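Thanks for coming, everyone. I'll keep this brief. Please look at the screen.

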Amino acid sequence: MFEKLIDSFEKLCLQIIIEILLVPVTIFKLFQDPRRCYDLSAHEMEKEETERFHDYLSPIKLSVYTSVIVSVILMDYSGEHNIISKIKGLSMVEKALFIFLMNNITAVVFTVAILWYKKEKVNTVTFRTLLFSFIYTTVYTSTPFFILVSSAMFLGQTLNVDAYIQNLDKINSYGTREYLFFLVFLVFIIIGIIGIFKLFKALHYILKNNFSYHPYIVWFFTLLFFVIQLYYTKGFI
């Protein structure tokens, strides 16, 4: 009995380690080519359920490791007028679940809208493919914040990025650690700008493969989805 428990614990630890290592691999692949948001989801959904997402992290797990973790880290330290600051009196688990659902609500709305247009049912492979594709696109908005917060935690030894930046203003002479943070902040800005363009390209590719209207209509809805996702993401900052 005890040996089986140890074996189960070993498998669990190994699975967690593998998934953590797959986070940067999946993010890199999605940043490398935005079309993979849809192509990877469609390719994996063609496989048997037990064979899916072995080489990459599934969208749901990736959302947990990026969107939820970053939002949970930021929610007690970000501005007073965003969505996160309005959550009061919830436990960490309840907040994490709320953030997870709110972070992916745009993916659900976009998916349902396209399914309605295609007259498809919810419980289909098409639904999962579209949902997974849109969830993958959140990588382009969450990754820069993940880099910034992780770097601030390491360099400033604090979760509070705002307080760390304010503390830098009071320092008379900057050291190596401060210059490293400014370098990370520059990387954060660059990746954020790249992510915006990648997000637009990913959304356009998804819609182009599921929308049979005139190209101008596809571009219009791409721009609409793009603006909605950016505006919604801004509420968490």
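Start with F53. Is this residue buried or exposed? F53 counts as buried, because its relative accessibility is 15%, and buried means under 20%. One reminder before we go on: this is a predicted model.

Where is F53? In the loop between helix 2 and helix 3. Now its backbone. F53 is not a glycine, yet its phi is positive, about 55°. Why point that out? Because most residues other than glycine have a negative phi.

What does Y56 touch, leaving aside its neighbours within four places in sequence? It is in contact with L22, T26, K29 and L40. P24 and Y56 are 32 residues apart along the chain. Their C-alpha atoms are separated by 9.7 Å.

Next, the cores. In soluble globular proteins, nonpolar side chains tend to be buried together. Here, the largest nonpolar core has 36 residues. Which members touch the most others? They are L30, L62, F134, Y136, Y140 and F225. Several elements give two or more residues to this core, including helix 1 (2-32), helix 2, helix 3, helix 9 (176-208) and helix 10 (215-234). Helix 6 provides the largest share, seven residues.

There is also a second, separate core. It has seven residues, among them L148, A152, L155 and F181.

That's my tour. Over to you.

Note on methods. Residues numbered from 1 in each chain as written. Predicted model: local features only at pLDDT ≥ 70, side-chain atom pairs only at ≥ 80, totals over all residues. Heavy atoms only, no water. Contact = heavy atoms within 4.5 Å. Helix = DSSP H or I, 4+ residues; strand = E, 2+ residues; numbered from the N terminus. Buried < 20%, exposed > 50% of the residue type's maximum accessible area, 1.4 Å probe, protein only. Core = buried A, V, L, I, M, F, W, Y, C linked by side-chain atoms within 4.5 Å.
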